[in-house]
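Below are my notes on the model you sent.

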Amino acid sequence: MNKTIQPFNHSTIFELLEKVTDPEIPVIPIRDLGILRGVEIENDLINIIITPTYSGCPAMMEIEKNINNTLKSEGIENFKITTILSPPWTTEWMTEDGKRKLKEYGIAPPNPTNEDDIQCPNCGSQNTNLVSQFGSTACKSLFKCDDCLEPFDYFKCH
Amino acid sequence: MNENLFNYTIQQADNCLILGQRLGEWCGHGPVLEQDIAMTNISLDLIGQARMLYQYAAEIQGEGKTEDDLAYLRDAWDFKNVLLLEQPNGDFAKTILRQFLFDSFNCYFYEELMNSNDETLAAIAAKSHKEALYHIKWSGDWVIRLGDGTGESNARAQTALNELWPYSEEVITPSEADEAALESGYGVDLMALSERRKAKISEVFEEATLKIPENQYNHSGGKTGRHTEHLGYILADLQFLQRAYPGNEW
């Protein structure tokens, strides 16, 4: 009741951070990927908590820079970015919205029920094959559709 | 500084960095594009693991140093990686066998390290364990594919195994740091791990129709900083930029 009105609260910060995407999958905000773990506001200091997908993910530096630029461009200066390792990131944190955006972008979203049964994001066929366990980035493997013959990335369960 | 904890952390950090660097040498030279990408992806994971461990080691050290100081400004005798990992890439079969002999340690190591009473080590282990499981799936599959493949792939895989076998046990032979770590509750019991690793190795080599060499001479020394000549060449490559242009950044 005595709360002073803050120019920014959790939800406005979250909203601003919607603009921050993974540089390698520029359609998905880091919140939908489960990289953004939380926002804490204490004594006007905003703490943005993030976690890496894979330990060597080269996108993390870029993501930090983007968070930095996004907040500064809104006139927010009093913040810090904290990277945490525990609990370790998992694809289970990916939102349904995130999965939909992945698919629209041409990347098959993680399928935790059966990793041998991956749907082609281009034509929807289930007639697909793993070409390589490792793909264009640490978080993806390479598949090929036997119906439309297109190769595609699969965002693997982790 | 807790010297044992520092050495324990550095040991694994160096393992990850040196193998990561070796795999990175394949970049642009893989037998096929997909496997070139696989090796550099694994390299990336390992370098990521090395970074987390070096950051922690620098914190334990408490001298204001960074992960970069530890990776780029120590000399060969300061490195505590096992000798297996500094062995040259050789052909694809040798790289695969080296990888499998390490992965069969690494995945169980991280699994056990998740129970460490050191919170940071436990968190790094939980993060890295999932990656190590994916690596052994790849290297194990390839050991089987090469071993149980054509006459030539089998011969190359067997030659690689014969060459690397004397280096395979160092990783499960306790160093002073390993013993202290186990005693203090932040380390892994290598004896117990050794049994699980042996079972995994036998299972895969049997399916791959590869024969474990009878000669059981074990090289050691890496964990105490006595290395083969290969490490010096790796460091010459790896550290060149920081040595020639101290403090330079991206």
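1. The largest nonpolar core of this predicted model holds 107 residues, and the members that touch the most others are B:L53, B:L97 and B:A157. Helix α2(B) contributes the largest share of this core, 14 residues. As general background, nonpolar side chains in soluble globular proteins tend to be buried together.

2. Which residues does B:L97 touch, leaving aside those up to four places away in sequence? They are B:V143, B:A157, B:A160, B:L161 and B:L164. One of these, B:A157, is itself named with B:L97 among the core residues that touch the most other members.

3. Chain B is built from 10 helices and has zero strands. Read from the N terminus, its elements run α-α-α-α-α-α-α-α-α-α.

4. On overall shape, the radius of gyration of chain B is 17 Å, which agrees with a compact globule, because 250 residues packed that way would give a value near 18 Å. The C-alpha trace of chain B spans about 55 × 40 × 30 Å along its principal axes.

5. Of the 250 residues in chain B, 48% are buried. Among contacts in chain B with a separation of 6 or more, 76% are between residues 24 or more positions apart.

6. The contact between the two chains takes 14 residues from chain A and 19 residues from chain B. On the chain B side, α2 (33-61) and α6 (119-147) each supply at least two residues. Helix α2(B) gives the most, with 10 residues. By type, the chain B residues that touch chain A comprise nine nonpolar, six charged and four polar.

7. In chain A, strand β1 (residues 21-22) runs antiparallel to strand β2 (residues 25-29), and two bridges join them.

8. On confidence, chain B averages a pLDDT of 97, and 100% of its residues score at least 70. The model as a whole scores ipTM 0.87 and pTM 0.93.

Terms used: Residues numbered from 1 in each chain as written. Chains lettered and ligands numbered in written order. Predicted model: local features only at pLDDT ≥ 70, side-chain atom pairs only at ≥ 80, totals over all residues. pLDDT = per-residue confidence, 0-100. Helix = DSSP H or I, 4+ residues; strand = E, 2+ residues; numbered from the N terminus. Rg over C-alpha atoms; globule rule 2.2 N^0.38 Å. Buried ≥ 20, exposed ≤ 12 C-beta atoms within 10 Å, placed from the backbone. Contact = placed C-beta atoms within 7 Å. Pairing = 2+ DSSP bridges. Nonpolar A, V, L, I, M, F, W, Y, C, P; charged D, E, K, R; others polar. Core = buried A, V, L, I, M, F, W, Y, C linked by C-beta atoms within 7 Å.
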